[in-house]
Amino acid sequence: MNKKYSYYLLHKKIDSMAKFLNLDKITQGEKNSVAQIRSYFKINDWAYRHYHSQDGFMHFRISPNGFFSDNDVYYQPDTVSQYIKPGDVVMELGFGQGANLLYLAHCHPDARFIGVDLSPLKKNKVCPENVTTYQLDYSDLSQFEDNSVDVMYAFETIVHNTDKEKIYREVHRVLKPGGVIIVFDYALRARYETYDEKIQKAIALISKGGAAAMIESLEELNGHYANCGLTLEKSVDHTKEVLPDLKRLERKAAKVLERPWLAKMMFLFLPEQFVSNIILGYLGYDLGNAETGTYHEWIIRKPE
Ligand SMILES: C[S@@+](CC[C@H](N)C(=O)[O-])C[C@H]1O[C@@H](n2cnc3c(N)ncnc32)[C@H](O)[C@@H]1O
């Protein structure tokens, strides 16, 4: 679909939702404190399993051939896999339901895996012996020693946090010299202020809907790790390849948001962090297709 048409659709969707939802009320208020991030993932646990993956992968699928396939969920962990060597210490920031951690630990029985998340790993997960998980905020990794980790990875998690430099300072401290962090996340192509009022509203709704800090531009994100002494080895734009997954989620969200009476009832009776997640699904495809939102892979190194 033409990018200009998606831009037009975003305006139209904001206008139409504004007729039956108080969009200002949805975007106002406290955003993304650690307590809010934790409660968002608790409330949306079922939705992630139901709409993303029953195996517990919580990130978007990267579909290189343009068609959605369940197996595309392995793109991100398979990318990390290429950087793991026997004997390595590997740390996942924000392991979610643990699917990447358990998958990679099985693929690399000779490496040691550490997972860190605000929520504990579910009790029903069978954890391989080479995995240890910690329930903590990864902005403070003080229980881990300097220069102790070979490979780190973070999929769609740093976006939730306001102080990204605090995170990258810790990444720089615990990574061994020459160590690498692989990040997959979404961002804006240009700074928030450069967009018109309705696109700004769409960005604010998407940020709020996904319990993200206000989504930042590529330029801002690149500044954060660079300011902490980390260097970019490679950056890949995967926006087009996540569109099939975003389209799938948009169709499901439209079933609610294109029925004003249903949306109104849901906003009245269901938790706000559940229903505003549906708005994220409704707007995400057009934001990506309009080349306003972007989904990137970053390979970032601590210099030797
Ligand atoms: C969208 S989920 C992604 C989960 C996993 N990376 C995946 O791809 O399946 C984001 C996860 O990051 C975690 N998270 C966000 N901010 C965090 C923080 N500051 N410290 C620890 N975990 C955090 C959340 O609790 C959530 O489980």
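Predicted model: local features only at pLDDT ≥ 70, side-chain atom pairs only at ≥ 80, totals over all residues.

Modeller: The protein chain has 12 helices and seven strands.

Colleague: What makes the protein chain as compact as a globular protein of its length?

Modeller: The radius of gyration is 19 Å, and the globule rule gives 19 Å for 304 residues. The two values are close, so the chain is as compact as a globular protein of that length. The C-alpha atoms fill a box of roughly 55 × 40 × 40 Å along the principal axes. Of the 304 residues, 41% count as buried. Among contacts with a separation of 6 or more, 77% are between residues 24 or more positions apart.

Colleague: Why is V174 called buried?

Modeller: The term requires 20 or more other C-beta atoms within 10 Å. V174 has 23 such neighbours, so V174 counts as buried. This residue is found in helix α7, which covers residues 164-174. Leaving aside neighbours within four places in sequence, V174 is in contact with L141, F144, D146, S148 and V149. The C-alpha atoms of V174 and D146 are separated by 4.4 Å, although these residues are 28 residues apart along the chain.

Colleague: Why are E156 and E291 called partly exposed?

Modeller: E156 has 19 other C-beta atoms within 10 Å, so E156 is partly exposed. E291 has 15 within 10 Å, so E291 is partly exposed as well. E156 lies in the loop between β4 (149-155) and α7, and E291 is in the loop between α12 (272-289) and β7 (293-301).

Colleague: What makes the phi of these residues worth noting?

Modeller: Most residues other than glycine have a negative phi. Phi of E156 is near 50°, a positive value in a residue other than glycine. For E291 the value is near 60°, which is also positive.

Colleague: How do you know that β1 and β2 pair?

Modeller: Pairing requires at least two bridges between the strands. β1 (residues 89-93) and β2 have five bridges, so they pair, and the sense is parallel. V89 stands opposite R112 in β2. Five bridges also join β2 to β3 (residues 131-135), again in parallel, and there D117 stands opposite Q135.

Colleague: How do you know that β4 pairs with β1 and with β5?

Modeller: The requirement of at least two bridges applies here too. β1 and β4 have three bridges, so they pair, in the parallel sense. Six bridges join β4 to β5 (residues 175-188), so these parallel strands pair as well. The bridge partner of M91 in β4 is M152, while A154 stands opposite V183 in β5.

Colleague: What makes β2 and β4 mostly covered?

Modeller: In β2 (residues 112-117), five of its six residues are buried. In β4, six of its seven residues are buried.

Colleague: Which elements make right-handed β-α-β units?

Modeller: One unit is made by β1, helix α6 (residues 99-107) and β2. Another consists of β4, α7 and β5.

Colleague: Finally, what makes up the shell around the ligand?

Modeller: By class, the shell has 10 nonpolar, nine polar and three charged residues. In total, 22 residues surround the ligand, and the closest are M58, H59, G94, G96 and T157. At least two residues of the shell come from each of α3 (34-43), α6 and β2.

Terms used
Residues numbered from 1 in each chain as written. Buried ≥ 20, exposed ≤ 12 C-beta atoms within 10 Å, placed from the backbone. Helix = DSSP H or I, 4+ residues; strand = E, 2+ residues; numbered from the N terminus. Right-handed = clockwise from strand over helix to strand, strands pointing away. Near = placed C-beta within 6 Å. Nonpolar A, V, L, I, M, F, W, Y, C, P; charged D, E, K, R; others polar. Rg over C-alpha atoms; globule rule 2.2 N^0.38 Å. Contact = placed C-beta atoms within 7 Å.
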